[in-house]
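Me: I'd like to learn how to read disulfides and helix packing in a model. Can we start with the disulfides?

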Amino acid sequence: MKLPQGKIRFALAFLFMVLAANFLAAQAVQQHVDNPGQTAMDPVPDDVTHSHHGNPNQFLPVIPGPIGDTVVTGNGINYHGGPVLKANPVPIYLIFYGNWNGTGSNTQASVSLIEHFVSTLGNTPIEHIATTYGDNTGNVSGNVSLGGVTFVNSSTNLNDTSLRTTVSNAISSGALPRNANGVYMVLTSSNINETSGFCTQYCGFHTHATLGGVDIKYAFVGNPDRCPSGCEIQRTGPNSPATNVGGADGLINVLSHEQFEAITDPDLNAWFDSSGQENSDKCNFNFGTTSTCTSTSLCSAAGKAASSKWNVSFGNNDWMIQQQWENAAGGKCVLHL
Ligand SMILES: [Zn+2]
(Lines give C-alpha, C1' and ligand atoms only; values in the text may rest on other atoms or scores of the structure.)
Protein backbone atom coordinates (compact mmCIF):
# COMPACT_ATOMS: atom_id res chain seq x y z
CA MET A 1 0.00 0.00 0.00
CA LYS A 2 2.94 2.28 0.24
CA LEU A 3 4.89 3.78 -2.53
CA PRO A 4 8.57 2.90 -2.70
CA GLN A 5 10.88 4.66 -0.40
CA GLY A 6 13.65 6.88 -1.52
CA LYS A 7 11.50 8.87 -3.82
CA ILE A 8 10.88 12.17 -2.18
CA ARG A 9 12.37 14.49 -4.66
CA PHE A 10 14.12 17.47 -3.34
CA ALA A 11 15.22 19.73 -6.07
CA LEU A 12 18.06 20.99 -4.00
CA ALA A 13 19.15 23.90 -5.96
CA PHE A 14 21.71 25.00 -3.74
CA LEU A 15 23.46 25.95 -0.80
CA PHE A 16 26.43 27.90 -0.54
CA MET A 17 28.44 29.18 1.94
CA VAL A 18 29.79 31.40 4.36
CA LEU A 19 32.68 33.55 4.88
CA ALA A 20 32.22 34.38 8.49
CA ALA A 21 31.35 32.26 11.44
CA ASN A 22 28.05 33.87 12.19
CA PHE A 23 26.66 33.57 8.68
CA LEU A 24 24.08 30.94 7.93
CA ALA A 25 24.48 28.52 5.14
CA ALA A 26 21.54 29.15 2.88
CA GLN A 27 19.49 26.24 1.74
CA ALA A 28 17.40 26.75 -1.35
CA VAL A 29 15.13 23.78 -1.69
CA GLN A 30 13.24 24.72 -4.80
CA GLN A 31 10.28 22.52 -4.28
CA HIS A 32 9.03 20.46 -1.45
CA VAL A 33 7.30 17.28 -2.45
CA ASP A 34 5.22 14.99 -0.35
CA ASN A 35 4.08 11.47 -0.56
CA PRO A 36 1.48 10.80 2.09
CA GLY A 37 1.70 7.11 1.28
CA GLN A 38 5.21 7.04 2.51
CA THR A 39 5.83 6.80 6.18
CA ALA A 40 9.56 6.43 6.27
CA MET A 41 11.72 9.47 6.22
CA ASP A 42 13.96 10.18 3.32
CA PRO A 43 16.84 11.95 4.92
CA VAL A 44 18.73 14.58 3.13
CA PRO A 45 22.24 13.74 4.23
CA ASP A 46 23.28 16.02 6.96
CA ASP A 47 26.47 16.93 5.18
CA VAL A 48 24.49 18.10 2.15
CA THR A 49 22.54 20.49 4.28
CA HIS A 50 25.17 21.56 6.66
CA SER A 51 28.63 20.70 5.47
CA HIS A 52 29.48 24.19 4.41
CA HIS A 53 28.72 25.33 7.82
CA GLY A 54 31.98 24.42 9.38
CA ASN A 55 30.62 21.85 11.75
CA PRO A 56 28.51 19.18 10.11
CA ASN A 57 27.24 17.95 13.42
CA GLN A 58 25.88 21.25 14.48
CA PHE A 59 22.42 22.45 13.59
CA LEU A 60 22.08 25.79 11.95
CA PRO A 61 22.03 28.43 14.65
CA VAL A 62 18.69 29.94 15.45
CA ILE A 63 18.32 33.64 14.99
CA PRO A 64 17.05 34.98 18.26
CA GLY A 65 13.87 36.99 17.94
CA PRO A 66 12.72 40.00 19.85
CA ILE A 67 9.30 38.53 20.59
CA GLY A 68 8.93 35.90 23.24
CA ASP A 69 7.74 32.73 21.62
CA THR A 70 8.34 33.37 17.96
CA VAL A 71 11.33 31.14 17.55
CA VAL A 72 11.86 28.13 19.75
CA THR A 73 14.33 25.27 19.82
CA GLY A 74 14.58 21.78 21.17
CA ASN A 75 11.48 20.30 19.55
CA GLY A 76 12.98 18.22 16.78
CA ILE A 77 12.54 20.83 14.07
CA ASN A 78 14.78 23.79 13.37
CA TYR A 79 14.36 27.38 12.31
CA HIS A 80 16.43 28.56 9.35
CA GLY A 81 15.72 32.28 9.35
CA GLY A 82 12.99 32.63 6.73
CA PRO A 83 9.48 34.01 7.18
CA VAL A 84 6.27 32.19 8.08
CA LEU A 85 2.81 33.31 6.96
CA LYS A 86 1.30 35.28 9.81
CA ALA A 87 -1.92 36.62 8.31
CA ASN A 88 -5.04 36.20 10.43
CA PRO A 89 -6.52 34.49 8.56
CA VAL A 90 -4.19 33.17 5.87
CA PRO A 91 -6.31 33.10 2.68
CA ILE A 92 -6.23 29.82 0.80
CA TYR A 93 -7.04 30.10 -2.90
CA LEU A 94 -8.31 27.02 -4.71
CA ILE A 95 -7.75 26.39 -8.41
CA PHE A 96 -9.78 23.41 -9.58
CA TYR A 97 -8.02 22.12 -12.68
CA GLY A 98 -9.31 19.49 -15.12
CA ASN A 99 -12.91 18.36 -15.25
CA TRP A 100 -14.79 18.81 -12.00
CA ASN A 101 -18.16 18.17 -13.62
CA GLY A 102 -17.38 14.52 -14.16
CA THR A 103 -18.06 11.29 -12.32
CA GLY A 104 -16.68 9.53 -9.25
CA SER A 105 -14.93 12.08 -7.06
CA ASN A 106 -14.56 14.62 -9.90
CA THR A 107 -17.81 16.35 -9.10
CA GLN A 108 -19.21 19.59 -7.81
CA ALA A 109 -20.07 17.70 -4.62
CA SER A 110 -16.34 17.18 -4.09
CA VAL A 111 -15.70 20.83 -4.88
CA SER A 112 -18.25 21.86 -2.27
CA LEU A 113 -16.79 19.47 0.29
CA ILE A 114 -13.27 20.78 -0.26
CA GLU A 115 -14.45 24.39 -0.07
CA HIS A 116 -16.28 23.56 3.13
CA PHE A 117 -13.17 21.96 4.60
CA VAL A 118 -11.04 25.03 3.90
CA SER A 119 -13.80 27.38 5.06
CA THR A 120 -14.09 25.68 8.43
CA LEU A 121 -10.44 24.73 9.03
CA GLY A 122 -9.38 28.05 10.53
CA ASN A 123 -8.85 28.09 14.29
CA THR A 124 -9.69 24.42 14.65
CA PRO A 125 -7.66 22.49 17.23
CA ILE A 126 -5.57 20.79 14.53
CA GLU A 127 -4.84 24.00 12.62
CA HIS A 128 -3.99 25.67 15.90
CA ILE A 129 -0.88 23.46 16.05
CA ALA A 130 0.60 25.89 13.51
CA THR A 131 0.71 28.58 16.20
CA THR A 132 3.76 26.85 17.65
CA TYR A 133 5.71 28.08 14.58
CA GLY A 134 6.94 31.60 14.12
CA ASP A 135 9.65 33.83 12.74
CA ASN A 136 11.47 36.79 14.19
CA THR A 137 8.42 39.03 14.13
CA GLY A 138 5.59 36.80 15.28
CA ASN A 139 3.83 33.48 15.23
CA VAL A 140 1.43 31.82 12.82
CA SER A 141 -2.17 32.74 13.66
CA GLY A 142 -3.67 29.27 13.27
CA ASN A 143 -6.47 30.83 11.27
CA VAL A 144 -7.10 30.28 7.56
CA SER A 145 -9.94 31.24 5.25
CA LEU A 146 -11.22 30.36 1.81
CA GLY A 147 -9.76 33.25 -0.13
CA GLY A 148 -11.24 32.46 -3.50
CA VAL A 149 -12.03 29.72 -5.97
CA THR A 150 -11.55 29.43 -9.72
CA PHE A 151 -11.85 26.68 -12.30
CA VAL A 152 -9.57 25.80 -15.20
CA ASN A 153 -11.35 23.37 -17.48
CA SER A 154 -8.71 21.35 -19.25
CA SER A 155 -7.85 17.80 -20.25
CA THR A 156 -4.14 18.56 -20.55
CA ASN A 157 -1.72 17.07 -18.05
CA LEU A 158 0.37 19.42 -15.99
CA ASN A 159 4.09 19.65 -15.53
CA ASP A 160 5.97 21.90 -13.12
CA THR A 161 6.13 24.72 -15.63
CA SER A 162 2.49 24.62 -16.64
CA LEU A 163 1.51 24.30 -12.99
CA ARG A 164 3.23 27.58 -12.28
CA THR A 165 1.64 29.11 -15.38
CA THR A 166 -1.77 27.93 -14.19
CA VAL A 167 -1.29 29.79 -10.93
CA SER A 168 0.09 32.83 -12.71
CA ASN A 169 -2.83 32.93 -15.15
CA ALA A 170 -5.39 32.63 -12.36
CA ILE A 171 -3.88 35.73 -10.79
CA SER A 172 -3.16 37.79 -13.90
CA SER A 173 -6.65 37.16 -15.24
CA GLY A 174 -8.10 38.62 -12.07
CA ALA A 175 -9.81 35.37 -11.09
CA LEU A 176 -7.79 35.42 -7.87
CA PRO A 177 -6.02 38.30 -6.13
CA ARG A 178 -2.23 38.58 -6.09
CA ASN A 179 -1.33 38.01 -2.45
CA ALA A 180 2.11 37.20 -1.04
CA ASN A 181 0.48 36.31 2.27
CA GLY A 182 -1.80 33.58 0.95
CA VAL A 183 -1.48 30.04 -0.39
CA TYR A 184 -2.64 28.97 -3.86
CA MET A 185 -3.56 25.31 -4.30
CA VAL A 186 -4.03 23.63 -7.67
CA LEU A 187 -6.38 20.67 -7.25
CA THR A 188 -6.66 18.28 -10.18
CA SER A 189 -9.40 15.89 -11.27
CA SER A 190 -8.35 12.25 -11.45
CA ASN A 191 -7.88 12.25 -15.22
CA ILE A 192 -5.05 14.75 -14.87
CA ASN A 193 -1.43 13.81 -14.27
CA GLU A 194 1.38 16.00 -13.06
CA THR A 195 4.17 14.54 -15.11
CA SER A 196 7.02 15.40 -12.78
CA GLY A 197 5.94 12.52 -10.55
CA PHE A 198 2.37 12.56 -9.28
CA CYS A 199 1.41 9.10 -8.04
CA THR A 200 4.91 7.73 -8.53
CA GLN A 201 7.01 10.12 -6.48
CA TYR A 202 4.55 12.31 -4.62
CA CYS A 203 0.88 13.01 -3.97
CA GLY A 204 1.40 16.73 -3.61
CA PHE A 205 4.04 19.36 -3.10
CA HIS A 206 4.37 23.03 -2.29
CA THR A 207 6.77 25.62 -3.55
CA HIS A 208 6.94 29.33 -4.39
CA ALA A 209 7.80 31.58 -7.30
CA THR A 210 7.97 35.26 -8.09
CA LEU A 211 4.91 35.96 -10.22
CA GLY A 212 4.23 39.52 -11.27
CA GLY A 213 6.88 40.73 -8.86
CA VAL A 214 5.25 39.05 -5.87
CA ASP A 215 6.46 35.96 -4.01
CA ILE A 216 3.55 33.57 -4.56
CA LYS A 217 3.27 30.38 -2.51
CA TYR A 218 1.50 27.56 -4.28
CA ALA A 219 0.93 23.83 -4.10
CA PHE A 220 -0.08 20.92 -6.26
CA VAL A 221 -2.67 18.55 -4.79
CA GLY A 222 -3.73 15.65 -7.01
CA ASN A 223 -6.90 13.62 -6.86
CA PRO A 224 -5.77 10.36 -5.20
CA ASP A 225 -8.42 8.39 -7.05
CA ARG A 226 -5.80 8.37 -9.79
CA CYS A 227 -3.61 6.15 -7.60
CA PRO A 228 -5.54 5.07 -4.50
CA SER A 229 -3.00 2.48 -3.45
CA GLY A 230 -0.30 5.12 -3.11
CA CYS A 231 -2.03 8.33 -2.14
CA GLU A 232 -5.35 7.39 -0.57
CA ILE A 233 -5.84 6.48 3.04
CA GLN A 234 -8.90 4.36 2.46
CA ARG A 235 -11.00 3.67 -0.61
CA THR A 236 -14.15 4.94 1.09
CA GLY A 237 -13.65 8.01 3.24
CA PRO A 238 -15.90 9.53 5.90
CA ASN A 239 -17.37 11.90 3.29
CA SER A 240 -17.41 9.58 0.28
CA PRO A 241 -20.49 9.93 -1.92
CA ALA A 242 -20.31 6.21 -2.72
CA THR A 243 -18.30 3.15 -1.85
CA ASN A 244 -14.75 3.24 -3.25
CA VAL A 245 -14.97 6.90 -4.19
CA GLY A 246 -12.53 8.24 -1.63
CA GLY A 247 -10.80 10.85 -3.75
CA ALA A 248 -12.11 13.96 -2.06
CA ASP A 249 -11.26 12.74 1.44
CA GLY A 250 -7.82 11.66 0.25
CA LEU A 251 -7.25 14.95 -1.48
CA ILE A 252 -8.28 16.82 1.65
CA ASN A 253 -5.62 14.97 3.62
CA VAL A 254 -2.94 16.03 1.14
CA LEU A 255 -4.33 19.56 1.06
CA SER A 256 -4.17 19.69 4.84
CA HIS A 257 -0.52 18.61 4.73
CA GLU A 258 0.47 21.14 2.07
CA GLN A 259 -1.31 24.17 3.50
CA PHE A 260 0.23 23.55 6.91
CA GLU A 261 3.72 23.40 5.40
CA ALA A 262 3.12 26.33 3.06
CA ILE A 263 2.19 28.44 6.08
CA THR A 264 5.05 27.38 8.34
CA ASP A 265 7.74 27.07 5.63
CA PRO A 266 6.42 29.21 2.75
CA ASP A 267 9.75 29.98 1.09
CA LEU A 268 11.36 26.66 2.05
CA ASN A 269 13.79 28.43 4.34
CA ALA A 270 12.00 28.56 7.69
CA TRP A 271 11.11 25.31 9.47
CA PHE A 272 12.46 21.85 8.69
CA ASP A 273 14.51 19.34 10.57
CA SER A 274 18.07 18.14 10.13
CA SER A 275 16.86 15.60 7.54
CA GLY A 276 15.07 18.23 5.48
CA GLN A 277 11.65 17.14 6.73
CA GLU A 278 9.06 19.85 7.20
CA ASN A 279 6.55 19.61 10.02
CA SER A 280 3.85 17.68 8.16
CA ASP A 281 6.45 15.27 6.78
CA LYS A 282 7.31 14.26 10.31
CA CYS A 283 3.75 12.99 10.77
CA ASN A 284 3.18 11.76 7.23
CA PHE A 285 0.35 9.23 7.07
CA ASN A 286 0.19 9.29 10.87
CA PHE A 287 -3.41 9.80 11.95
CA GLY A 288 -3.24 9.26 15.69
CA THR A 289 -6.36 7.97 17.38
CA THR A 290 -9.09 7.18 14.86
CA SER A 291 -12.78 6.42 15.14
CA THR A 292 -15.07 4.42 12.91
CA CYS A 293 -18.04 5.86 11.06
CA THR A 294 -21.24 4.67 12.72
CA SER A 295 -24.90 5.54 12.53
CA THR A 296 -24.35 8.31 15.05
CA SER A 297 -21.31 9.87 13.38
CA LEU A 298 -21.16 12.80 10.98
CA CYS A 299 -20.04 10.56 8.14
CA SER A 300 -21.77 10.17 4.79
CA ALA A 301 -24.00 7.16 4.20
CA ALA A 302 -21.25 5.51 2.18
CA GLY A 303 -18.73 6.27 4.92
CA LYS A 304 -20.99 4.68 7.50
CA ALA A 305 -21.68 1.66 5.34
CA ALA A 306 -17.97 1.11 4.78
CA SER A 307 -17.04 1.71 8.44
CA SER A 308 -14.62 4.39 7.29
CA LYS A 309 -12.09 5.84 9.69
CA TRP A 310 -11.98 9.45 10.82
CA ASN A 311 -9.97 11.32 13.43
CA VAL A 312 -11.18 14.93 13.69
CA SER A 313 -14.54 16.68 13.46
CA PHE A 314 -15.39 20.24 12.56
CA GLY A 315 -17.80 22.06 10.30
CA ASN A 316 -20.40 19.32 10.83
CA ASN A 317 -18.21 16.71 9.15
CA ASP A 318 -15.85 14.00 10.25
CA TRP A 319 -12.48 14.10 8.52
CA MET A 320 -9.46 11.84 8.20
CA ILE A 321 -6.41 14.06 8.09
CA GLN A 322 -2.90 13.44 9.29
CA GLN A 323 -1.47 14.73 12.54
CA GLN A 324 0.90 17.70 12.61
CA TRP A 325 4.17 18.25 14.43
CA GLU A 326 3.84 20.28 17.59
CA ASN A 327 6.81 22.63 17.84
CA ALA A 328 6.67 22.77 21.64
CA ALA A 329 7.12 20.53 24.65
CA GLY A 330 9.85 18.54 22.97
CA GLY A 331 7.93 18.02 19.74
CA LYS A 332 5.52 15.30 18.70
CA CYS A 333 2.75 14.41 16.25
CA VAL A 334 -0.60 15.56 17.60
CA LEU A 335 -4.17 16.25 16.53
CA HIS A 336 -4.42 19.27 18.82
CA LEU A 337 -2.30 21.18 21.28
ZN1 LIG B 1 5.48 17.84 3.24
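Reply: A disulfide is a pair of cysteine sulfur atoms within 2.5 Å. The model here is predicted. By this rule the count comes to 4 disulfides.

Me: What joins Cys203 to Cys231, and what is the handedness of the link?

Reply: A disulfide, with 2.0 Å from S to S. The angle about the S-S bond is -90 degrees, and the link of Cys203 and Cys231 is left-handed. Cys203 sits in the loop between β9 and β10 and Cys231 in helix α4, so the bond ties together parts 28 residues apart in sequence. Both Cys203 and Cys231 are buried.

Me: Where do Cys283 and Cys333 lie?

Reply: Cys283 is in the loop between β12 and β13, while Cys333 is in strand β18, 50 residues apart. Their S to S distance is 2.2 Å. This link of Cys283 and Cys333 is left-handed too, at -100 degrees about the S-S bond.

Me: Which pattern do the disulfides follow?

Reply: Count the bonded cysteines along the chain: the pattern is 1-3, 2-4, 5-8, 6-7.

Me: Now the helices. At what angle do α2 and α5 cross?

Reply: At roughly 35 degrees, with axes that come within 10 Å. The crossing of α2 and α5 is right-handed. The contact includes Phe117 of α2 and Leu255 of α5. By class, this contact has 9 nonpolar, 3 polar and no charged residues.

Me: Which residues touch the most other members of the largest nonpolar core?

Reply: Leu94, Phe117, Val167, Met185, Leu187 and Leu255, out of 70 residues. The largest share of this core, 8 residues, comes from α5. Among the residues Met185 touches are Ile92, Val221 and Leu255.

Methods:
Residues are numbered from 1 along each chain as its sequence is written. This is a predicted model: local features need pLDDT of at least 70, side-chain atom pairs count only at pLDDT 80 or more; totals for chains, interfaces and linings use all residues. Side-chain values use heavy atoms; hydrogens and water are left out. Axes are lines fitted to C-alpha atoms, for helices over the stretch in contact, and angles run from 0 to 180 degrees between N-to-C directions. Helices (H or I, at least four residues) and strands (E, at least two) are DSSP runs, numbered from the N terminus. A crossing is left-handed if the near helix is turned anticlockwise from the far one by less than a right angle, and right-handed if clockwise. Contact means heavy atoms within 4.5 Å. Ala, Val, Leu, Ile, Met, Phe, Trp, Tyr, Cys and Pro count as nonpolar, Asp, Glu, Lys and Arg as charged, and the others, Gly among them, as polar. A nonpolar core is a set of buried Ala, Val, Leu, Ile, Met, Phe, Trp, Tyr and Cys residues joined through side-chain atoms within 4.5 Å. Buried means under 20% relative accessible area, exposed over 50%, partly exposed in between (1.4 Å probe, protein chains only). Lists of a residue's contacts leave out its neighbours within four places in sequence.
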